Amino acid sequence: MPNSLTRLSEIAPAPSEPRQKDWEEVERTLGVELPSDYKELIRTYGGSNWDDYLYVLEPSCPNENYDLIDWAENQAEDLEDLWEFERKPAELEAEGARVIP
């Protein structure tokens, strides 16, 4: 478990049941490899809303409000439109680069 997740679990105990995901299928669906620390966060906490501030999106989340797959499909166009109003980060200039919610 990464140090940051260890620290988080000290201040916010995790639910008792870890979430299991078919990460290969999730990454195939999204077309991107997800970071290992994100996978561990989801395994530990699942999709959630922290302090009415931070949404943690989980692929195929039982709570549809936090479903990464749905958000990624529904917000792809909205995220592209963002660059009409905001400066696009250089990392997103590479062909195929995109934001995943």
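**View 1. Ser 60 lies in the loop between E2 and H4.** This is a predicted model, in which local features need pLDDT of at least 70, side-chain atom pairs count only at pLDDT 80 or more, and totals for chains, interfaces and linings use all residues. Residues are numbered from 1 along each chain as its sequence is written, and side-chain values use heavy atoms, with hydrogens and water left out. Ser 60 has a relative accessible area of 51%, so this residue is exposed. Exposed means over 50% relative accessible area, buried under 20%, and partly exposed in between (1.4 Å probe, protein chains only). The phi of Ser 60 is positive, near 55°, in a residue other than glycine.

**View 2. Glu 58 sits in the loop between strand E2 (54-56) and helix H4 (68-81).** Glu 58 counts as buried because its relative accessibility is 0%. Leaving out residues up to four places away in sequence, Glu 58 touches Arg 19, Lys 21 and Tyr 38 among others. Its partners also include Ile 42, Gly 46 and Gly 47. Tyr 66, Asp 67 and Leu 68 are on the list too. A contact here is heavy atoms within 4.5 Å.

**View 3. Ser 48 belongs to strand E1 (residues 48-50).** Its relative accessibility is 15%, so Ser 48 counts as buried. The side chain of Ser 48 makes a polar contact of 2.8 Å with the side chain of Trp 50. A polar atom of the Ser 48 side chain also lies 3.5 Å from the backbone oxygen of Gly 46. A polar contact is a pair of N or O atoms within 3.5 Å; within protein, one must be able to donate a hydrogen and the other to accept it, and residues adjacent in sequence count only if both atoms are side-chain atoms. Apart from neighbours within four places in sequence, Ser 48 is in contact with Leu 54, Tyr 55, Val 56 and Tyr 66.

**View 4. Asp 51 is in the loop between E1 and E2.** Asp 51 counts as exposed because its relative accessibility is 73%. Its phi is near 55°, a positive value in a residue other than glycine.

**View 5. Helix H2 (residues 23-30) has Trp 23, Val 26, Glu 27 and Leu 30 as its buried residues.** Down the axis of H2, these buried residues fall within an arc of 95°, so they line one face of the helix. The arc is that of the directions from the helix axis to the C-beta atoms. The buried residues of H2 pack against helix H3 (36-45) and H4. Glu 24 and Arg 28 are exposed on the other side of H2. After H2 comes Gly 31, with a positive phi near 75°.

**View 6. The protein has 4 helices and 2 strands.** Along the sequence, the pattern is α-α-α-β-β-α. The C-alpha atoms fill a box of roughly 45 × 25 × 25 Å, taken along the principal axes. Of the 101 residues, 27% count as buried. Among contacts in the protein with a separation of 6 or more, 44% come from residues 24 or more positions apart.
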